Amino acid sequence: MRLLIVEDDAEAAAYLVKAFREAGHVADHAADGLEGYGMAEGGGYDVLVVDRMLPRLDGLSLIRSLREQNDTTPALILSALAQVDDRVKGLRAGGDDYLPKPYAFSELLARVEVLSRRRGAPAAEPIVYRVGDLQLDRLAHRVTRGEDEIVLQPREFRLLEYLMKHAGQVVTRTMLLENVWDYHFDPQTNVIDVHVSRLRGKIDKGFDKPMIHTIRGAGYMVRDAS
Amino acid sequence: MTQADDTRAGTPAAQPRQSLLPNLFRTTAFKLTAVYLLVFTLFAGVVLGYVAWNAKRLLDDQIRSTIDAEIRGLAEQQRLGGIRRLVNIIERRSRAPGASLYLVTTPVGERIVGNIEALPPGALDRPGESEIDYARSSEALDTPGRAIVRVFMLPAGFRLLVGRDVEERERLGVVIRRAAAWSLVLVFVLGCVASWFVARRVLKRVDGMTDTARTIMAGDLKGRLAISGTGDELDRLALALNAMLDRIGELMAGMQQVSDNVAHDLKTPLTRLRNRAEEALRTATSPEELRAALDGSIDEADNLIRVFNALLMIARLETGRIQDSMDELDLSEIVSGMAELYEPLAEEAGLELVTEIAPGLRIAGNRELIGQALANLIDNALKYGQPIVEAPALVRVAAVQVGSAVELAVSDHGPGIPEADRGRVLERFVRLDQSRSKPGFGLGLSLASGVVRLHGGQLRLEDNAPGLRVVMALPLAQRKPVDMAQPEAARPSTAAPNPAGLQSV
């Protein structure tokens, strides 16, 4: 995955570039908004990571300008402003995700990977998600594992649907709260973990191979362990 | 009114006083009075002019009708007795005191009889009425009088002129003009004096307000504008400004308290963080130990970030600056969603989460904030709601309409909060759990209270007998924007006291 990091703080940028490279991605760096705009315009990036407050051209204007030229490269906004309306403004400007500073790198990485996947598959989502012997039919609202049908509550279904949609990718707790419950605050408790462990009880109990994996210090991932 | 106020004395910020007069000319009161004065003068002028014009018209009419009557009489005499009789009559009348003006001439303009000596040339050639200068005798040629005259053609080309002096009218005009001049002078002088008095009175009060404002700017935030008690516009202004000062004082006090608490509550984890890192550097011998120490440090840092975010959010809520993100919300959906989110956690904590939600409750607000406030309350109830006596182990989340408000209540059967502490727990960083055995920072209820206040509602703590009941009363949705600056403080209920209770983020 090719990433462009637009960040004026040299130390933070160097850290991000290094961390993304260690995670196996190609990361370029632009130190201000105009430079970032020039590099992003050249294209070829899978995801843009844009700081909101930048010299010369601020992050929101950068994204807005790109969108005006029908450049749909997914963009994640990093911001020290983390209030309710700041997020809304960021997304309204054309950002695809918004992460308040300070953040955990694992959170940023998980979100960027999900964004890059979105770019890779613009086609319609499949009706049935399959991971190993686990199947989720989005139209029939049916979940089966092998021959067994698994009965899920509506919210458990949406939780599994989101996990399976991003199978093979790390999904963080805040991403789950955002996408399954549509809240953006930090619940500060293990409320998401309890939901996942309930789901796990229905999906993985009695089977040899677990489907839902806990990624330490990051979140969860659905994948076929074999 | 506050001129003599002690707050003025010795204020270093007070500017040197300008002389009273130039100051006076710049006051609104003076300018207003000047405008009134001008308008009043104009009115007076118009009224006097109208009176003068009417008086002149009336007098002229009177003179004309006198002249007409005389001409009719003289013409009749001439018809009956010929020109001779006419001449006789005119000769007699001309000599009477206060007589009208008469002149009879031959067709070629030679004077036959009359009491007019000089006339403007051609005055006799125009039959009908005109206003002319004349002289009664040859001595008075230098000082001609003015008269309204009428020329009447007699048979055989003789002409008869009858007129009356208009000196009376001229005198009246002079009187009116003089009266007008005097009254204008009087209006002007009296107006100036009145405006000076009015302006000085207002100026005195405004000066008092300015002085008070200066002392407040100089740092005395307790200073308040004096109220005269008459309820006039300056009083209303002073009341509004005082209310504003109260609110500012409240916010300042809040800020002060926060910075004190921040200093305390952030320094503690910061010190812990620093100690942990230092100790790891000093004593760690294996990579595993270093890793564990770093993990611990990250956890501490994350906690610090949480406290910081919560504090920033509370600060934002209290300054009421998120009007833009207010929508009409389905509160019932939010409450049931939130209850569903926490239901597994409750089960894990050995508590039953029951809901009682009226459908279709709509309020104007921010979904994220309401959700977060409710999450804090449920989280608190799950943390501290373990029953201590013979009470069912359940947490109830209810949303019902009460009058024009929606009451959103989270109740538990835990130890509750003693009445005396109920006001205090809404403050930042207040935790009643002295042992601080449960995770949290003491910001959850403050945040919920801030959210409710921002939505124009009220947060109440009540006795659930046994346990705690936290009620968020929010106004039902109306088609008007929410008043963000509602200074209504959430007040604790006055229900019976309770054993020790706890709260946290």
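Which backbone oxygen does the side chain of B:R367 reach? Point 1 takes this up.

1. **B:R367 at the contact.** This is a predicted model. In it, the side chain of B:R367 reaches the backbone oxygen of A:D182, at 2.5 Å. B:R367 is found in helix α7 of chain B, which covers residues 367–384. B:R367 touches residues of both chains. From chain A come A:W181, A:D182 and A:Y183. From chain B come B:L329, B:E333 and B:I334. That list leaves out residues up to four places away in sequence.

2. **The contact as a whole.** Chain A puts 23 residues into the contact, and chain B puts in 30 residues. The area buried between chain A and chain B is about 2,400 Å². Carbon and sulfur atoms give 53% of that area.

3. The rule finds 5 salt bridges across the interface of chain A and chain B. Take the pair A:R198 and B:E343. They form a salt bridge, with their closest N and O atoms 3.0 Å apart.

4. **The side of chain A.** Which elements give two or more residues to the side of chain A that touches chain B? They are α4 (84–92), α7 (173–181) and α8 (191–203) of chain A. Of these, α8(A) gives the most, with 5 residues. By class, this side of chain A has 10 nonpolar, 6 polar and 7 charged residues.

5. **The cores.** In soluble globular proteins, nonpolar side chains tend to be buried together. Here the largest nonpolar core has 90 residues. A:L176 and B:Y342 have the most contacts inside it. Look at A:L176: it touches A:L159, A:Y162, A:L163, A:V171, A:W181, A:I192, A:V196 and A:Y220, again leaving out residues up to four places away in sequence. Another core, of 18 residues, lies apart from the largest one. Among its residues are A:A30, A:Y45, A:A93 and A:Y98.

6. **A covered helix in chain B.** How many of the 11 residues of helix α8 of chain B are buried? The count is 11 of 11, over residues 444–454. Among the buried residues are B:G444, B:S446, B:S449 and B:R453, as well as B:L445, B:L447 and B:V451. Just after α8(B) comes B:G456, which takes a positive phi of about 75°.

Technical notes. Residues are numbered from 1 along each chain as its sequence is written. Chains are lettered from A and ligands numbered from 1 in the order in which they are written. This is a predicted model: local features need pLDDT of at least 70, side-chain atom pairs count only at pLDDT 80 or more; totals for chains, interfaces and linings use all residues. Side-chain values use heavy atoms; hydrogens and water are left out. Contact means heavy atoms within 4.5 Å. Buried area is the accessible area (1.4 Å probe) that two parts lose on being put together, summed over both. A salt bridge is a side-chain nitrogen of Lys or Arg within 4 Å of a carboxyl oxygen of Asp or Glu. Helices (H or I, at least four residues) and strands (E, at least two) are DSSP runs, numbered from the N terminus. Ala, Val, Leu, Ile, Met, Phe, Trp, Tyr, Cys and Pro count as nonpolar, Asp, Glu, Lys and Arg as charged, and the others, Gly among them, as polar. A nonpolar core is a set of buried Ala, Val, Leu, Ile, Met, Phe, Trp, Tyr and Cys residues joined through side-chain atoms within 4.5 Å. Buried means under 20% relative accessible area, exposed over 50%, partly exposed in between (1.4 Å probe, protein chains only). A polar contact is a pair of N or O atoms within 3.5 Å; within protein, one must be able to donate a hydrogen and the other to accept it, and residues adjacent in sequence count only if both atoms are side-chain atoms.
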